[in-house]
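Please read the following report alongside the sequence and the 3D view.

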Amino acid sequence: MRRTRRQCGGVATLAALTLLVLTGCENDQQSVLDPVSHPARDIASLWWWMLAGAVVIFLGAVALLGLAWARRKRSGLPVFGDNEGIARGLVVVFGILIPIATLIALYTIGNILVLPVTQAPAAGSTSLTVQVVGHQWWWEVRYPGTNAVTANEIHIPVSTRVLLVGRSADVIHSFWAPNLNRKIDVIPGRENQILLYSDRPGRYRAQCSEFCGVQHAHMSLYVYVEPKAEFEDWLDRASQPASAPAGTEAEQGRKLFASMPCAGCHTIRGTSAAGSLGPDLTHVASRETLAALTIPNDPDYLAGWIADPQHYKPGNRMPGLDLDDSELQALVAYLEGLE
Ligand code: CUA
């Protein structure tokens, strides 16, 4: 049967999509196959070797199936006829020896060679620790020894071994920045640790990878890997208390924030707002996204988010507030000034 042009177009699109999935998108890639650290490179190599092995085994199985089908009307084995000794030998080799050898190789390479490389650095061997706390459905990020607290973004210096400590405030989550390392589960009541390292500056997407409720898919974050001086600058700014509102509208927003339910759930360091249910907003304007990468952080989206958070992320913990237009604009003016 001849393929129509439309079918060929479909096949080409499918092939292109497959390639895109396999190689990761050009920018903003969240991909195991674009590793930027030693552990991630080992994981990617393991992935390619497993793919190659699986392809060989799959093609071999399909070829044998094809042979059996082509010779289905003959008695005995397709190639060896009625020789029972050879038949038994094939079962032993393909059914027992090769699977055992494959499992031993996978166990050795995966658990003995690759896994130790991905482990958390030994206590005291790193100069920087980052704590992440999983919440339904956002990530709290702390830098012990400083006042810096942020949400849904981690900044680390390039070519520096960082100890990442994961905890949960509610249910089981899983922290996974596939370009940097394997995933770790983030479990209530315990701390899990992993090495966070990148030898290439850039922005890498990370994602909660354990189903944790209706907005699990909208629980992402960015890891920003920066030159050391740039990182130090960022940490210094992130450790400062909030800047004072500039202008009367922003000042009105500050008062509204303090008097409304906002301050019960969010902290703005340097003000009376000290809630801990929602993200720390001390430097919210410096962040790239809102609601754990669900929407961009600009005045229009921020206004939309405050007016109706359930529209963008149904089921999330933030209630909508009954605000008139001028109140909403004042709140946005205040928050967008918190650089
Ligand atoms: Cu948190 Cu899925």
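Arg269 is buried at a relative accessible area of 16%, where buried stands for under 20% relative accessible area, exposed for over 50% and partly exposed for the range in between (1.4 Å probe, protein chains only). The side chain of Arg269 meets that of Asp280 in a salt bridge, with 3.5 Å from N to O; a salt bridge here is a side-chain nitrogen of Lys or Arg within 4 Å of a carboxyl oxygen of Asp or Glu. Both residues lie in the loop between helix H6 (262-265) and strand E11 (289-290), so the pair ties together parts that are eleven residues apart in sequence. Asp280 is buried as well, with a relative accessible area of 9%. The helices and strands named here are DSSP runs numbered from the N terminus, helices being H or I with at least four residues and strands E with at least two.

The model is predicted, and local features need a pLDDT of at least 70 while side-chain atom pairs count only at pLDDT 80 or more, although totals for chains, interfaces and linings use all residues. Residues are numbered from 1 along each chain as its sequence is written, and side-chain values use heavy atoms, with hydrogens and water left out.

**Salt bridges**

By the rule given above, the count of salt bridges comes to seven, and the table presents some of them.

| Pair | N to O distance | Relative accessible area |
|---|---|---|
| Glu140 and Arg142 | 2.5 Å | Glu140 11%, Arg142 33% |
| Arg167 and Glu191 | 3.8 Å | Arg167 31%, Glu191 42% |
| Asp280 and Arg269 | 3.5 Å | Asp280 9%, Arg269 16% |

**Backbone geometry**

Gln136 and Trp137 are joined by a cis peptide bond, with omega about 0°, and Trp137 is placed in the loop between strand E1 (128-135) and strand E2 (138-142). Ala292 is found in the loop between E11 and strand E12 (295-296), and Leu293 is located in the loop between E11 and E12. Ala292 is buried at a relative accessible area of 1%, and Leu293 is buried at 15%.

**Side chains reaching backbone oxygens**

Which backbone oxygen does the side chain of Asn297 reach? The side chain of Asn297 reaches the backbone oxygen of Val284 at 2.9 Å, which is a polar contact in the sense of a pair of N or O atoms within 3.5 Å, where within protein one atom must be able to donate a hydrogen and the other to accept it, and where residues adjacent in sequence count only if both atoms are side-chain atoms. Asn297 is situated in the loop between E12 and helix H7 (299-307) and is buried, with a relative accessible area of 13%. In a further contact, a polar atom of the side chain of His216 lies 3.1 Å from the backbone oxygen of Glu210. His216 is in the loop between strand E9 (202-208) and strand E10 (220-226), and at 17% relative accessibility His216 counts as buried.

**Surface patches**

Patches are made of residues with over 30% relative accessible area and no salt bridge, with like charges joined within 9 Å and nonpolar side chains (Val, Leu, Ile, Met, Phe, Trp, Tyr) within 5 Å. Accessible areas come from the Shrake-Rupley method with a 1.4 Å probe, and for residues only the protein chains shown count as cover.

A nonpolar patch on the surface, whose members include Val79, Phe80, Val93, Phe94 and Ile104, has about 1,000 Å² of accessible area together. Val93 lies in helix H3 (residues 84-118) and is partly exposed, with a relative accessible area of 34%.

Glu230, Glu232, Asp233 and Asp236 form a negative surface patch; Asp and Glu count as negative and Lys and Arg as positive, while His and the chain ends are not counted, and the place of a charge is taken as NZ of Lys, CZ of Arg, CG of Asp or CD of Glu. Asp233 is found in helix H4 (residues 228-239), and at 48% relative accessibility Asp233 counts as partly exposed.
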